[in-house]
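User: Hi! Could you walk me through this one? I'd like to start with a single residue and then zoom out.

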Amino acid sequence: MELKNLIPKFPFLVVTRDYLEGIDIFTGEDFAIINDNPAIIVISIPYRSNCYSNIKSTGEFVINFLPRSLFSIYEKCKNEYPKGFNEFEQVGLKKANCLKVNLPRIEEALLWIECKWLGSVEIDSVRNLENLPVFGKVLEFGIGKDYSKQ
């Protein structure tokens, strides 16, 4: 049995923007808060994904946690779409404005976290792995109106 299968996970969606102004939405499962003041988070994302290259080029991303009623959206967001594509339209989510980053957040989210990219761990031995840690400084966060119902 693998350790990763023993630890409970709660999926989330990461919103990024590519160089053609397309919006990429990536499904993640590994998230941790590693510091409180300043608030710093770490997520695990595939090294060769659009999401990672977008974060590196723009320096920002938004983490969104959806209500259980929308969990089917996570599967739709696992697909890689071409650069310049707007995934919000493809998967049926609504956009809302962020306060601190130049990205939309997901209107239906129970919780969203606007982040500035602090860096990633790119060690030769990590490049042979599927995922790598991406660190973000929390610039702003918000709680959706249905948060207490979950």
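Predicted model: local features only at pLDDT ≥ 70, side-chain atom pairs only at ≥ 80, totals over all residues.

User: Where does Phe 85 sit?

Analyst: Phe 85 is in the loop between helix H2 (72–76) and helix H3 (87–91).

User: Why does Phe 85 count as partly exposed?

Analyst: Because its relative accessibility is 27%, and partly exposed covers the range between under 20% for buried and over 50% for exposed.

User: Okay, new topic: how much space lies in the largest pocket?

Analyst: About 380 Å³. The pocket is lined by 18 residues, and the closest to its centre are Phe 26, Thr 27, Glu 29, Glu 130 and Asn 131.

User: Which strand gives the largest share of that lining?

Analyst: S2 does, with five residues. Strand S4 (39–46) also supplies at least two residues, as does strand S2 (23–28).

User: And how do the lining residues divide into nonpolar, polar and charged?

Analyst: Nine are charged, five are polar and four are nonpolar.

User: Zooming out, how many helices and strands does the protein have?

Analyst: Four helices and nine strands, in the order β-β-β-β-α-β-α-α-β-β-β-α-β along the sequence. Of the protein's 150 residues, 45% count as buried.

Key
Residues numbered from 1 in each chain as written. Heavy atoms only, no water. Buried < 20%, exposed > 50% of the residue type's maximum accessible area, 1.4 Å probe, protein only. 1 Å grid on protein atoms, 1.4 Å probe; cavity = no way out; pocket = protein on both sides within 12 Å on 5 of 7 lines; lining within 4 Å. Points joined across faces, edges and corners; volume = space filled by probe spheres on them. Nonpolar A, V, L, I, M, F, W, Y, C, P; charged D, E, K, R; others polar.
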